[in-house]
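Reader: I am new to this structure and would like a close look at one part of it. Please take me through the aromatic ring pairs.

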Amino acid sequence: GSVQTASLSVIPVGPDSGQVVVELADWLLDSAGNLRLLPPGTVPRSAGRWLQVAPNALQLSGGATASVRLTLTVPPQGASGAYWSMVLLRGAPVVDASRPGVSIQVQVGVPVYVVVRGTERRSLQLASFQVEFPESPGPGRAVVVMRNNGNVHVRVGGQVELRDEQGEVVRRLELPQGVVLPGSSRRLQVELPPDLAPGLYVALVTVATQEQELFVAEQTFER
């Protein structure tokens with residue numbers, strides 16, 4: 001039932017002036033982390049229906065900072081966990097002089113998360129971990145899948161240790177950081193070094209959340 005406000009500062013780079021359109025969008029991530037933009041109000045946990053932005057257009061000039069005001073009206077009942085939306089800042093198309101008939105349009109997305117305090121339910125699990133080798137020539141990869149069964153988004157990151165038959169750590173590989181949205185899975189992967197010597201290895205993955213919750217799994221593989 002409360003109303004919250006926030007301000008987004010837009011800082012142009014360069015002296016050129018131009019108009020920027022401001023609008024809201026919903027968004028989702030697939031298991032690989034690819035972004036999909038949707039009309040506001042499409043996603044079940046969309047915050048777009050609660051948000052308003054003003055103004056709807058900015059005139060950027062001379063490198064001066066402009067501001068966008070976000071007003072959030074949370075319903076008095078029925079809301080729980082996390083909701084999300086995105087503020088889109090879209091510039092006018094600019095003709096690319098080096099390529100006739102081609103224009104470039106810059107769009108910047110700023111994600112907005114709304115969490116209803118006191119209703120959070122965190123339930124993250126490490127769904128699988130495996131080392132894969134493609135059929136065609138190429139490096140192998142260590143792949144971990146995280147599943148979010150809760151109602152709030154979770155940021156994760158981590159690393160994969162490669163240990164030889166003697167238990168010595170031969171490589172530490174950083175997993176890409178990412179967010180796992182409620183009700184979805186996220187696949188994080190890292191390529192194995194192509195110069196690994198032949199032999200038997202143990203891959204040990206450690207995934208950490210923003211709340212410092214740890215998940216560990218291991219997989220034996222032969223190179």
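Author: What follows is an account of the ring pairs. This is a predicted model, in which local features need pLDDT of at least 70, side-chain atom pairs count only at pLDDT 80 or more, and totals for chains, interfaces and linings use all residues. Residues are numbered from 1 along each chain as its sequence is written, and side-chain values use heavy atoms, with hydrogens and water left out.

Rings of Phe, Tyr and Trp (its six-membered ring) pair if their centres lie within 6.5 Å; planes under 30 degrees apart are stacked, over 60 edge-to-face, and the rest tilted. By this rule there are 5 aromatic pairs. In one of them, the ring centres of Trp27 and Trp84 are 6.4 Å apart and the planes stand at 55 degrees, so the pair is tilted. Trp27 belongs to strand β2 (residues 18-29) and Trp84 to strand β7 (residues 81-91), so this pair ties together parts 57 residues apart in sequence. Strands are DSSP runs (E, at least two residues), numbered from the N terminus.

Trp27 is buried, at 3% relative accessible area, and Trp84 is buried at 4%. Buried means under 20%, exposed over 50%, and partly exposed in between (1.4 Å probe, protein chains only).

Trp27 also pairs with Tyr113: their ring centres lie 6.0 Å apart with planes at 80 degrees, so this pair is edge-to-face. Tyr113 sits in strand β10 (residues 107-116), 86 residues from Trp27. With 23% relative accessibility, Tyr113 is partly exposed.

Conventions
Helix = DSSP H or I, 4+ residues; strand = E, 2+ residues; numbered from the N terminus.
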